[in-house]
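Open the model in your viewer and keep the sequence panel beside it. The tour goes from the whole chain to two single residues.

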Amino acid sequence: MTTTRTTPGLVRARRTAGLMTACGALLVGGLSAAPEARAVATEAEWELELDAYSYNPTTWDNCTIVGDESSEDGALEPGTLVSRSASGSFGITNPDDPTDTQTFSGAMASRWKVRDAEGSFRDYEFSSQGSLEGEAALGAASQCQTSVDVTSYGEAVGDVPAAGFLEMSLQTTQDMSAAMAFDQRGVGGASVSSGPGGLFKRSGGTGSVRAFVEAGEFFLYSYTELRAEIYHDEEGGMEMRRAADATSVAGTATGTLTFIEAGSPVAAASGSAKRYVALNARTCGNDKVVTKLKKKAKKAAKVTYTVNGERAKVVTKPKKGTVKLGGLDPAAEVSVKAAVKLTKGGTKTVTRSYVACTG
């Protein structure tokens with residue numbers, strides 16, 4: 001899995017490009033410009049394609065392909081789950097040798113969903129799963145170099161309501177390739193990719209990244225590809241995956257992109273001291289975390305607060321009320337822990353983490 005934080009502008013990759021070509025293009029171009037005015041917080045599109053390409057590297061003539069390439073696309077309305085599939089088969093024949101034939105078949109199903117909340121972008125998710133198989137009648141003697149691809153795309157222009165972070169997560173298995181990227185003009189963005197062309201080769205992988213955004217528009221792109229190939233190597237032999245005269249690939253990909261407002265908790269507070277102490281909000285304007293001693297805190301001898309492992313405050317003879325922890329680094333994530341020492345002995349703790357306030 002490769003993860004980068006960069007300042008890209010996204011671009012719609014060429015439909016027949018491989019994953020790594022697409023990823024490189026994502027980080028240098030620009031998505032189609034957003035409309036000047038939109039009725040919803042997020043405008044998104046999806047596309048699913050199945051295509052085949054074959055040629056003879058000796059004569060540079062195209063091999064004959066019989067089969068139906070397919071392409072389908074449409075709008076992705078916020079709150080609507082779009083689920084589409086593509087399937088088909090192809091027969092390839094070398095015009096110079098009618099016995100030199102290949103067959104390919106396969107399918108992929110993809111899903112996309114984008115959601116808004118209170119007039120702003122909330123999250124985006126996608127998934128793909130599929131398989132492709134190919135066989136050469138002449139095995140290594142075949143002169144046709146063939147590639148069959150099933151690819152899915154998603155792209156969007158969204159609005160975020162306030163400064164915060166966009167968090168991406170991506171997972172692939174087996175031979176599926178995938179990439180996600182987002183960008184905000186003047187601020188930057190991030191990308192995640194995985195698959196046969198990446199670091200994890202054909203074993204898949206997982207990865208995530210979180211990057212800062214200001215309130216306003218950003219650009220989003222997702223891409224998956226499943227490719228089956230029969231091709232010549234540099235020595236003139238035949239390279240085919242999985243079997244002597246055949247190729248078989250399969251895999252899945254899932255990805256999510258979620259907006260997290262600056263200073264938000266990463267998750268709910270955890271620990272046995274929640275009945276004594278509430279770890280509430282991180283307030284970015286004055287760089288504080290607001291905590292509350294509950295009524296039952298009077299049963300404690302003291303409460304010790306730490307921030308990122310460093311002691312921040314000790315409250316002796318605690319009673320119901322608010323405790324504020326200040327002096328925080330606005331550019332840092334914060335982990336707060338409250339250790340409650342009970343008068344009858346024993347210590348209970350509660351912890352909670354918050355994202356940074358600035359990038």
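Helices (H or I, at least four residues) and strands (E, at least two) are DSSP runs, numbered from the N terminus. Colour the protein chain by these elements: there are one helix and 22 strands. This is a predicted model, in which local features need pLDDT of at least 70 and side-chain atom pairs count only at pLDDT 80 or more, while totals for chains, interfaces and linings use all residues. Residues are numbered from 1 along each chain as its sequence is written, and side-chain values use heavy atoms, with hydrogens and water left out.

Next, select L293, which lies in strand β17 (residues 288-293). Is L293 buried or exposed? L293 counts as buried because its relative accessibility is 2%; buried means under 20% relative accessible area, exposed over 50%, and partly exposed in between (1.4 Å probe, protein chains only). Of the 359 residues of the protein chain, 45% count as buried.

Now show what L293 touches. Leaving aside residues up to four places away in sequence, its contacts include Y276, V303, P318 and V323; contact means heavy atoms within 4.5 Å. Select V323 together with L293: the two are 30 residues apart in sequence, and their C-alpha atoms are 7.2 Å apart in space. Among contacts in the protein chain between residues at least 6 apart in sequence, 72% join residues at least 24 apart.

Last, select K344, in the loop between β21 (334-342) and β22 (347-354). K344 counts as exposed because its relative accessibility is 84%.
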